[in-house]
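These are my notebook entries on one protein chain. I set down what I looked up, entry by entry.

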Amino acid sequence: MREIADSLTATLEQALPVLEAVREEDASKPALGGGWSRKQVVGHLIDSASNNHQRFVRAGLAGGLEWPGYDQNGCVNIQAYDQAPWAMLLEIWSAMNRLLGHVLRYLPAEAAGAVCRIGNYQPMPLRELAQDYVSHLRHHLSQIGVEIEIDGHGRN
């Protein structure tokens, strides 16, 4: 799991300076065709980090996990990420991902195989869930103009 933690940390280190250079007013403009602004995308990534933090820890503790999916659009809307200060969103997002990197780095080796069942998705081992988290993160960063150099440890 350490290599996934390293990939997550490298992603954060590459993305954060690019995101910090985005002006508040630009972060509020729609960034996806007919879709979310950069603020809403980063808000979604905060939600994803929060959900995955609990998934990783609970799967590591219990040796497996049954966890519901979540309403991504509803979560972004009810939390009004589009009204939040850009700097605050980046601070929360970066802190959550530093924590996830720390958690992944120190999960016991046997936790990697813990079977996770999330919503209606096919069951997968915790290692794959963590890899998918990094891939999901990179996908959304790419959507808002942040390209991450592949380091061989994550899937983009």
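**Entry 1: Burial and basis**

I began with burial: buried residues make up 43% of the 156 residues in the protein chain. I took buried as under 20% relative accessible area, exposed as over 50% and partly exposed as in between, with a 1.4 Å probe and protein chains only. The model is predicted, so I required pLDDT of at least 70 for local features and 80 or more for side-chain atom pairs, while totals for chains, interfaces and linings use all residues. Residues are numbered from 1 along each chain as its sequence is written, and side-chain values use heavy atoms, with hydrogens and water left out.

**Entry 2: Fold and dimensions**

I counted six helices and three strands in the protein chain. Here helices (H or I, at least four residues) and strands (E, at least two) are DSSP runs, numbered from the N terminus. I read their order from the N terminus as α-α-α-β-α-α-β-β-α. The radius of gyration of the protein chain is 15 Å, close to the 15 Å from the globule rule for 156 residues, so the chain is as compact as a globular protein of that length. That radius is taken over C-alpha atoms, and the rule is 2.2 Å times the number of residues to the power 0.38. Along its principal axes, the C-alpha trace spans about 45 × 30 × 25 Å.

I then looked up contacts, meaning heavy atoms within 4.5 Å. Of those between residues at least 6 apart in sequence, 72% join residues at least 24 apart.

**Entry 3: Surface and charge**

The protein chain exposes about 7,900 Å², and carbon and sulfur atoms supply 52% of that area. I used areas from the Shrake-Rupley method with a 1.4 Å probe. For charge, I noted that the mean positions of the 13 positive and 18 negative charges are 2 Å apart. Lys and Arg count as positive and Asp and Glu as negative, without His and the chain ends; each charge is placed at NZ of Lys, CZ of Arg, CG of Asp or CD of Glu.

**Entry 4: Salt bridges**

How many salt bridges does a search of the whole structure find? I recorded seven, each being a side-chain nitrogen of Lys or Arg within 4 Å of a carboxyl oxygen of Asp or Glu. R127 lies in helix 6 (residues 126–143) and E3 in helix 1, so the pair ties together parts that are 124 residues apart in sequence. R127 is partly exposed at 29% relative accessibility, and E3 is partly exposed with a relative accessible area of 29%.

I next took E25, which forms a salt bridge with R23 at 3.1 Å, N to O. E25 is partly exposed at 43%. K29 pairs with D26, their closest N and O atoms being 3.2 Å apart, and K29 is partly exposed at 45%. Through shared partners, salt bridges join R23, E25, D26 and K29 into one network.

**Entry 5: Two single residues**

I looked up P17, which lies in helix 1 (residues 2–20) and is partly exposed at 48%. P17 and V146 are 129 residues apart in sequence, yet their C-alpha atoms are 9.8 Å apart in space.

Where does A80 lie? I placed A80 in the loop between helix 4 (72–78) and helix 5 (86–106). A80 has a positive phi of about 50° although it is not a glycine, and it counts as partly exposed at 30% relative accessibility.
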